[in-house]
Amino acid sequence: MNLNTTNTNLQDLQVILSKIGKVAGYVKIFNVEDNITSDIKNEFSNELKAAKGIWVEFEILPSTSLFIVNDIMGFITYNCGDNSEVLWGTAISEHHVENSIKCKILFTGLV
C-alpha cells in the first residue's frame with residue numbers, strides 16, 4: 001500500500017487528544033458523487049457541535065479533486081462549535097474504489 005501523509009503528525013493528534021471529555025471516532029467511506037456534507041450533518045451533527053477538538057484525515061486516490069476535501073472541511077469548520085479546534089490532513093492511497101473517499105474523524109472533549 002502506498003500511503004503518503006501530509007498535514008498530519010503526532011503533535012496535531014496530541015493537541016486534539018488534550019481536550020478533556022469523551023472521545024468518539026469514526027471511519028467511513030463516502031462516494032464522491034453523493035452529498036457528503038449532508039451525510040456528515042446527518043450522522044455527526046451532535047458531535048460537530050459539542051466537540052472541543054476535531055481531527056479529520058482523508059484517504060483519497062491521486063485523481064480525487066481536492067475541491068471535494070475543501071468543501072467537506074468548509075462544512076465541518078462552519079458547523080462545529082465556536083471553541084472547537086479543527087485539524088485535518090490528507091493521505092494518498094492507490095487502493096481505493098474509484099469515486100470514494102475514506103474519512104477518519106476523531107471528536108474529543110465531548111461532554
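Colleague: What covers the buried residues of α2?
Modeller: The cover includes β2 (22-31), β3, α3 (66-79) and β5 (100-110). This is a predicted model, where local features need pLDDT of at least 70, side-chain atom pairs count only at pLDDT 80 or more, and totals for chains, interfaces and linings use all residues. Residues are numbered from 1 along each chain as its sequence is written, and side-chain values use heavy atoms, with hydrogens and water left out.
Colleague: Which residues of α2 are buried?
Modeller: I36, I40, F44, E47 and L48. Buried is under 20% relative accessible area, exposed over 50%, partly exposed in between (1.4 Å probe, protein chains only).
Colleague: Where does α2 bend?
Modeller: At F44, by about 80°. The bend is the angle between axes fitted to the seven residues ending there and the seven starting there.
Colleague: Moving on, what does Y26 touch?
Modeller: Leaving aside neighbours within four places in sequence, Y26 is in contact (heavy atoms within 4.5 Å) with F44, E47, C103, K104, I105 and F107. Its side chain makes a polar contact of 2.6 Å with that of E47. A polar contact is a pair of N or O atoms within 3.5 Å; within protein, one must be able to donate a hydrogen and the other to accept it, and residues adjacent in sequence count only if both atoms are side-chain atoms.
Colleague: Is E59 buried or exposed?
Modeller: Buried, because its relative accessible area is 4%. The side chain of E59 has a polar contact of 3.3 Å with that of H96.

Notes. Helix = DSSP H or I, 4+ residues; strand = E, 2+ residues; numbered from the N terminus.
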